Amino acid sequence: MKSNADHCNDAQEWVNRYVRLRDREKGCCSCDRLATWGGQWHASHFRSRGAASAIRYNLWNIRKSCSICNNWKSGNATDYETRLRAEIGNEKVDWLKTQTQTRKYSLEYLERLTRIFKRKIKKLSTNN
């Protein structure tokens, strides 16, 4: 039987897959690496899951990032913020920065979220 943490991780994996697919034509959200870079791509959170668990699945908060920025440069936060502001606007980034709440997600919510992102991935994959 899966724990709530297992369901959180499953949902995060599907959200991350969606983000990498959604952003497949874009380079790193934090540096100048182009989409054609041959390394590993991650789904990077602007506000970390630990600092703001209430927005861990929010798509404004997640962008495709190279593994170098995400793993070795702690997300390259300053450049990430600058680029995110250019992409989604100051108002949304300012809102993300105010989100400090923690949240416990119900099993029903996590299962629904997983189903939604599986459908989004299927739709995005078949449209291209």
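In which crossing, left-handed or right-handed, does α1 pass α5? The crossing is left-handed, a term that applies if the near helix is turned anticlockwise from the far one by less than a right angle, with right-handed used if clockwise.

## About the model

This is a predicted model, in which local features need pLDDT of at least 70 and side-chain atom pairs count only at pLDDT 80 or more, while totals for chains, interfaces and linings use all residues. Residues are numbered from 1 along each chain as its sequence is written, and side-chain values use heavy atoms, with hydrogens and water left out.

## Helices α1 and α5

Let us stay with the pair from the opening question. Helix α1 covers residues 4-22 and helix α5 covers residues 107-126. Helices here are DSSP runs of H or I with at least four residues, strands are runs of E with at least two, and both are numbered from the N terminus. The two helices pack at an angle of about 20°, and their axes are 9 Å apart. Axes are lines fitted to C-alpha atoms, for helices over the stretch in contact, and angles run from 0 to 180 degrees between N-to-C directions. The pair α1 and α5 is therefore roughly parallel; angles under 35 degrees get that label, those over 145 count as roughly antiparallel, 65 to 115 as roughly perpendicular and the rest as oblique.

On the α1 side, the contact (heavy atoms within 4.5 Å) is made by N4, H7, C8, D10, A11, W14, V15, R17, Y18, L21 and R22. From α5 come L107, L110, E111, L113, T114, F117, K118, K120, I121, L124 and S125. By residue type, the contact of α1 with α5 has 12 nonpolar, 4 polar and 6 charged residues. In this scheme Ala, Val, Leu, Ile, Met, Phe, Trp, Tyr, Cys and Pro are nonpolar, Asp, Glu, Lys and Arg are charged, and the others, Gly among them, are polar.

## Helices α3 and α4

Helix α3 (residues 77-88) packs with helix α4 (residues 90-98) at an angle of about 130°, with 7 Å between their axes. Helices α3 and α4 are therefore oblique to each other. E81, L84, R85 and I88 of α3 meet N90, K92, V93, D94, L96 and K97 of α4. This contact of α3 with α4 divides into 4 nonpolar, 1 polar and 5 charged residues.

Beyond neighbours within four places in sequence, V19 is in contact with A43, L59, I62, R63 and K64. One of these, R63, is 44 residues from V19 in sequence, yet their C-alpha atoms are 6.3 Å apart.

Over in helix α3 you will find Y80, which counts as buried at 2% relative accessibility. Not counting residues up to four places away in sequence, Y80 touches C29, S30, S44, H45, F46, N61, I62, R63 and G75. Y80 and C69 are 11 residues apart in sequence and 9.3 Å apart from C-alpha to C-alpha.

## Aromatic pairs

The whole structure holds 6 aromatic pairs. Rings of Phe, Tyr and Trp (its six-membered ring) pair if their centres lie within 6.5 Å, and planes under 30 degrees apart are stacked, over 60 edge-to-face and the rest tilted. One of the pairs is W37 with W41, whose ring centres are 5.2 Å apart and whose planes stand at 80°, so the pair is edge-to-face. W37 is partly exposed at 25% relative accessibility, whereas W41 is buried at 17%.

Y57 and Y105 also make an edge-to-face pair, because their ring planes are at 70°, with the centres 5.0 Å apart. This pair links distant parts of the chain, 48 residues apart: Y57 sits in the loop between β1 (41-45) and β2 (62-66), and Y105 in the loop between α4 and α5. Y57 is buried at 7% relative accessible area, and Y105 is buried at 5%. Together with Y109, these two tyrosines form one aromatic cluster.

## The loop between α2 and α3

S74, found in the loop between α2 (67-72) and α3, has a positive phi of about 50° although it is not a glycine. N76 lies in the loop between α2 and α3, and its phi is near 50°, a positive value in a residue other than glycine. S74 is exposed, with a relative accessible area of 68%, while N76 counts as buried at 16%.

Technical notes:
Buried < 20%, exposed > 50% of the residue type's maximum accessible area, 1.4 Å probe, protein only.
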